[in-house]
Amino acid sequence: MTILVTGGAGFIGSNFVLDWLAGCDEAVVNLDALTYAGNLRNLASLQGDARHRFVQGHIGDRALVDSLLARHQPRAIVHFAAESHVDRSIHGPGEFMKTNVEGSFTLLEAARAHWGSLDDAAKAAFRFHHVSTDEVYGSLAADAPAFTETHPYHPNSPYSASKAASDHLVRAWHHTYGLPVLTTHCSNNYGPFHFPEKLIPLIIVNALAGKPLPLYGDGLQVRDWLFVADHCSAIREVLARGRVGETYNVGGWNEKTNKEIVHAVCALLDELRPSAAGPYARLITHVKDRPGHDRRYAIDARKIEGELGWRPAETFDTGIRKTVQWYLEHADWVADVQSGGYREWVNRQYGA
Ligand code: NAD
Ligand code: TYD
């Protein structure tokens, strides 16, 4: 048996592939375009492992996807591949439309053709698992209840609009063609292999380099944080036992302001790698806010908990400690991803 994973060299995808192969022997075909966010170093521990086959390519390459489906006959597709950074989507939305919308469309069409060619038993067992985000629901007021699966869509950024569009395609391919789909909406992830353009790894990496720790606006925006391994276990549960055509919200009941997050990271660094120059929080710098910045996200995870018995294994305290420790132990990984392209991005976003 085999599954096809798209975007399996990125942050969550590589964590998923590593967790999957640590837990079972079912082979993984990993299709990833290796954009700036994809990194084969994340998968170095799988070198020589016959259960993992990496293919560099675009999900929008129909001929390639068709050939992978025909050759490997996967029983499921787990679709992570996406452009994923809100700030980049504000600077250049085009790539987000190409991959997240058109690429997902092509993948769905290839999946539909493949699924249509299967015998009845294989058809019934096949799954297309779409990995989506809570950002499609838009921003919550401070006192509003958390997002349930029936919350209306109100995407506010080019990124979330492109993910919302792909969600609608996935839904339509189920209702119109019967493709057996599953969709998960997860809150903000953190953990190993997180590219240091996103808040938590950026703060760790900048603090260690003695650079400013940029907080957008007043820093009181709220996100609901989940350790990446818990997102991976939720996807495995939904893939195994989720009801076809359903959507499941995934989160850890861990709402925190950005200010709290940055202070928590600084406090851990003060403990684990104290700086002679003083507490890391001295580096916190308020910078211009993100345009259209969503104020609050929060996930109501009762459906996945009640139906599938899924629960996160980590609290925020245990997960963030593991994360900071991982970055301290993997300075080589950090140095490797801080290429010229990364420096260009940092200069463009935060100024020289
Ligand atoms: P990421 O940016 O770290 O990784 C994306 C991966 O997709 C990279 O390896 C990249 O090379 C690959 N990719 C990009 N375009 C591609 C294309 N056209 N064809 C093939 N591969 C391509 O993203 P991530 O944070 O790991 O997110 C993975 C998925 O999870 C995304 O769909 C994202 O929307 C969703 N998600 C992320 C979060 C989060 O907090 N990071 C939360 C909820 C949902
Ligand atoms: P990010 O990690 O980009 O994830 P998302 O926008 O998908 O939630 O940002 C998390 C929060 O942190 C978001 O409210 C924006 C904020 N943020 C900063 O304050 N400073 C930064 O340098 C970055 C990258 C994000």
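The axes of helix 1 and helix 8 (residues 228–241) come within 9 Å and cross at roughly 65°. Here axes are lines fitted to C-alpha atoms, for helices over the stretch in contact, and angles run from 0 to 180 degrees between N-to-C directions. Helices (H or I, at least four residues) and strands (E, at least two) are DSSP runs, numbered from the N terminus. Helix 1 and helix 8 are therefore roughly perpendicular to each other; angles under 35 degrees count as roughly parallel, over 145 as roughly antiparallel, 65 to 115 as roughly perpendicular and the rest as oblique. Helix 1 passes helix 8 in a right-handed crossing, a term used if the near helix is turned clockwise from the far one by less than a right angle, whereas anticlockwise gives a left-handed crossing.

The model is predicted, with pLDDT of at least 70 needed for local features and 80 or more for side-chain atom pairs, while totals for chains, interfaces and linings use all residues. Residues are numbered from 1 along each chain as its sequence is written, chains are lettered from A and ligands numbered from 1 in the order in which they are written, and side-chain values use heavy atoms, with hydrogens and water left out.

Helix 1 leads on to ligand 1. Helix 1 (11–23), strand 5 (127–133) and helix 6 (158–177) each supply at least two residues of the shell around this ligand, and strand 5 provides the largest share, 3 residues. In total, 28 residues surround ligand 1, and the closest are Ile12, Asp32, Ser84, Tyr159 and Lys163; a residue is counted if one of its heavy atoms lies within 4 Å. By class, the shell around ligand 1 holds 13 nonpolar, 13 polar and 2 charged residues. In this division Ala, Val, Leu, Ile, Met, Phe, Trp, Tyr, Cys and Pro count as nonpolar, Asp, Glu, Lys and Arg as charged, and the others, Gly among them, as polar.

An N or O atom in the side chain of Asp32 is 2.5 Å from an oxygen atom of ligand 1. Polar backbone atoms take part as well: one of Asn189 is 2.8 Å from an oxygen atom of the ligand, and one of Leu34 is 3.4 Å from an oxygen atom of the ligand. The protein covers 96% of the 840 Å² of accessible area that ligand 1 has on its own, as given by the Shrake-Rupley method with a 1.4 Å probe.

Ligand 2 has 17 residues around it, of which Glu135, Arg223, Arg290, His293 and Tyr350 come nearest. The shell around ligand 2 divides into 7 nonpolar, 5 polar and 5 charged residues. An oxygen atom of ligand 2 is 2.5 Å from an N or O atom in the side chain of Glu135.

The axes of helix 7 and helix 9 come within 10 Å and cross at roughly 40°, so the two helices are oblique to each other. Their crossing is right-handed. Helix 9 (residues 258–272) is also paired with helix 11 (residues 316–329), their axes coming within 10 Å and crossing at roughly 55°. That makes helix 9 oblique to helix 11, and this crossing is right-handed.

Notes: A polar contact is a pair of N or O atoms within 3.5 Å; within protein, one must be able to donate a hydrogen and the other to accept it, and residues adjacent in sequence count only if both atoms are side-chain atoms.
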